[in-house]
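Here are a few exercises to work through with the model open beside you. Try each task before reading its solution.

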Amino acid sequence: MFLDVLFIGIMIGAIYTLVTIGYSMVYSILKLMNFAHGDVYIFGTFICYTLLGKYHINPFLAILVAAVMGGILASLVEIIAYRRLRSEQHRMISMITALGAAYVIQNCNELEWGNQVLDFPSILSAHTFHFFGMNIPLTQIIILSIAVGLIILFTVFLKYHPYGKAILCVSEDIPTASLMGIPINKTISMVYFIGGMLGVFGGILYSTSYNAVSLSMGFRGTIIAFTAAVIGGIGSLSGALVGGMFLGICENFIGVYVSTSYRDPITFLLLIIVLLVKPTGIMGAVEQSKV
Amino acid sequence: MLKIHSLESGYGKIQALFGVDLEIKAGEIVALIGSNGAGKTTFLKTVSGLIKASSGNISFKGQTINNLPPEKIVNLGISHVPEGRMVFTQRTVETNLQMGAFGRKDKKAIRQDMEKYYEMFPILGERKKQKAGTLSGGEQQMLAIARGLMKRPKLLFLDEPSMGLAPVLVNQIFKTIRELNKTGLSILLVEQNVKKALKITQRAYVIELGKIVHQGKSADLLDSEEIRKSYLGEV
């Protein structure tokens, strides 16, 4: 039982990590709270729902199309609502436009898909595995593998691809990165695109494992991403992983051993405790300023 | 090579440059000197595109480059090594150099260039896998210069390369700068170490409150009474 709960917790944690990566990357570059993040990923998840349920498209193709559309929407939000404000001194201004963008997308989502919980078609088989005394449905194993695979893929991209390294340099110092010939606007759009895509993958995996998708998961996604990023240490990939895992595992244990209704209160109490003990987050370093 | 005519720019509503004229010919090494806040760094930033020029004209190899974004300007052949070195401290020495070559497609030549600079600055070769933040100030300056050269620029801007370095390192940096110029690279050197800067350059401009107040051969400026008084602290 304990191992079952842990396994599912890790799976949820991996999904949360996917959702958090995009949010945290955007913060590390622009120091911007991207409030639209959750609404973008739920948009992609809804697209996948429609493609699967209405048009019966091949699941792989549907997931890919949905992820790309989520990525495009994320970059559009950046171009329309954030880019012109980047040079403004007050970050509060872009925070407000971020909230605005979030509400526009949320309401468009509601017009199209309503605010009820919808049945998300199950893509994966319901076969169950038994090992080490655990009863793990095949679905969960596949979901965990996909999530972990995507996290590894993105890590490798960031570490070894020239554009991945460029993203890291832009997040360290935008003016100097531009002196290297790194195209800043293109790089930032790419961060939004990839972040949106990973978020949609996370949303689809989440909806698949619970067979449900709803509008409110969008706002909750933003909160989850924000919390996981802050707990782990905002702006770093390892922070997103640690924060995502922490949230996922805590949530599942509380949900199973205490009660689902106490899941969020206890989780956020833990957030407060972690921050009181270590304000920069578990993996966070103190930001160094120029002397 | 670089021709600048009555250039004005600043930060928001605060104007910092008031009609600067400056020229650098191919192969020349030129100094731009002046006290703190005179507009030296603002001038470099405006030419390399980090700050928008509000009026005037900047032409490089016959092409007007006013208000092009910095990433376009560096690709035309002007490399700007910024004040305070500004290496990417969280990335390795090697990655810093790779970023300097961003956009270049000739992988083999990039490798060769890197080896060349590891030879020129052996300490960088020894520490290529270390984070740049772990290097000393002098080592970071060498890295910043090598990174600026990875683009194979025609013109190199150096902003206060000797700032905060121990005297022995200062001499080494100046020697390196002179050697780079001998390979045919044009250099614009901004320095507070006026004496040393005038010694290794051919011509120099003196900037005060956003205007060029003197210009001429570096050797002549070094002999000028006024320069000696204002910038070399001699009575």
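**Exercise 1.** Find the residue that stands opposite V206(B), then describe the strand pairing and the sheet around it.

*Solution.* V206(B) faces H214(B), a residue of β10(B). Next, take the strands: β9 (residues 203-208) of chain B and β10(B) pair in the antiparallel sense over 6 bridges. Strands here are DSSP runs of E with at least two residues, helices are runs of H or I with at least four, and both are numbered from the N terminus; two strands pair if DSSP finds at least two bridges between them. Now widen the view: 6 strands of chain B make an open, mixed sheet in the order β6-β7-β8-β3-β9-β10. Its edge strands are β6 (78-81) and β10 (211-217).

This is a predicted model, where local features need pLDDT of at least 70 and side-chain atom pairs count only at pLDDT 80 or more, while totals for chains, interfaces and linings use all residues. Residues are numbered from 1 along each chain as its sequence is written, with chains lettered from A and ligands numbered from 1 in the order in which they are written.

**Exercise 2.** Work out how α6(A) packs on α3(B), and which residues meet.

*Solution.* Start with geometry: helix α6 (residues 162-172) of chain A and helix α3 (residues 93-100) of chain B cross at about 100 degrees, their axes 11 Å apart. Axes are lines fitted to C-alpha atoms, for helices over the stretch in contact, and angles run from 0 to 180 degrees between N-to-C directions. The pair is therefore roughly perpendicular (65 to 115 degrees). Then list the contacts (C-beta atoms, placed from the backbone, within 7 Å): K165(A), A166(A) and C169(A) meet T95(B), Q98(B) and M99(B).

Conventions. Angles under 35 degrees count as roughly parallel, over 145 as roughly antiparallel, 65 to 115 as roughly perpendicular and the rest as oblique. Two residues are in contact if their C-beta atoms, placed from the backbone, lie within 7 Å.
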